[in-house]
Amino acid sequence: LGISAKTVSAHLERIYVKYSLSDALKLAFGRTHTALSYWNEAYHHGALLHPTVARPEILRFGGVMPLHAVGLQVTGRVNAGAGWDVSYLANFANGRSREFSATQGIADVNSEKASAFKVSLTHDSKLGTVVFGPMFYRDTIPADPSRAGRESAVEETIPGFHFVARARYFEMLSEYFRIHHERATTGAITKHEGWYAIGVARLDS
């Protein structure tokens, strides 16, 4: 007879204090999602709500994108008229640690803070809903002398764009990101692109 013990662990994904001054200005402080993806804002960690079996690879937790932030978040939404709304999401928070996939909590290993900003234009009509807009992230990743090629800090910028269209029987989601890294001491530059496009058809009403 063999008995195996399972280890249960909890991972804190989001915890924050939020104050709403109005629909146009809401402040939150704590651990939130980075203003760098429509997917995170729409679905968070709710896998049962995802239109796919798993998250897009470019947005995989623990992957190449900085998806969590600890610091200040500012959000708001304004009615622009004629069926249009404009919403924004911004972060000013601790950036990446020496380990790219790790989220820094109370302490930050360098004095630089990460900043991110996303704008979404939304139009509702009888035909459906369209959401699109740009996003931008900037941070300085600290040096890691223990790793070859990481002896200097890395300046990171990530511009992106999202486009979503929803109708009664169809939904399309797409995002594009361009990751730009520049070594602080040598000026060497590396660039990577990531994107996804998903189409969903609904057979019932």
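**View A. Salt bridge between Glu57 and Arg60.** The closest N and O atoms of Glu57 and Arg60 are 2.9 Å apart; a salt bridge is a side-chain nitrogen of Lys or Arg within 4 Å of a carboxyl oxygen of Asp or Glu. Glu57 is exposed, with 58% relative accessible area, and Arg60 is partly exposed, at 39%. Buried stands for under 20% relative accessible area, exposed for over 50%, and partly exposed for values in between (1.4 Å probe, protein chains only). By the salt-bridge rule the count comes to eight. The model is predicted: local features need pLDDT of at least 70, side-chain atom pairs count only at pLDDT 80 or more, and totals for chains, interfaces and linings use all residues. Residues are numbered from 1 along each chain as its sequence is written, and side-chain values use heavy atoms, with hydrogens and water left out.

**View B. Salt bridge between Glu155 and Arg138.** The N to O distance here is 2.8 Å. Glu155 lies in strand β7 and Arg138 in strand β6 (residues 128–141), so this pair ties together parts that are 17 residues apart in sequence. Strands (E, at least two residues) are DSSP runs, numbered from the N terminus. Both side chains are partly exposed: Glu155 has 24% relative accessible area and Arg138 has 34%.

**View C. Salt-bridge network of Arg166, Glu171 and Arg202.** Glu171 meets Arg166 at 3.0 Å, N to O. Glu171 is buried, at 5% relative accessible area, whereas Arg166 is partly exposed, at 27%.

**View D. Strands β7 and β8 in the open sheet.** Strand β7 (residues 154–166) and strand β8 (residues 170–183) run antiparallel and are joined by eleven bridges. Gly160 stands opposite Phe177 in β8. The sheet has nine strands in the order β1-β2-β3-β4-β5-β6-β7-β8-β9, with antiparallel pairing; two strands pair if DSSP finds at least two bridges between them. At the edges, β1 (15–22) and β9 (189–201) each pair on one side only.

**View E. Nonpolar surface patch.** Tyr19, Leu21, Leu25, Leu27, Phe29, Leu72 and Phe92 make a patch of about 700 Å². Patch residues have over 30% relative accessible area and no salt bridge, with nonpolar side chains (Val, Leu, Ile, Met, Phe, Trp, Tyr) joined within 5 Å and like charges within 9 Å. Areas come from the Shrake-Rupley method with a 1.4 Å probe; for residues, only the protein chains shown count as cover. β1 and β2 (25–33) each supply at least two residues, and β2 gives the largest share, three. Phe29 lies in β2 and is exposed, at 56% relative accessibility.

Technical notes
Helices (H or I, at least four residues) and strands (E, at least two) are DSSP runs, numbered from the N terminus.
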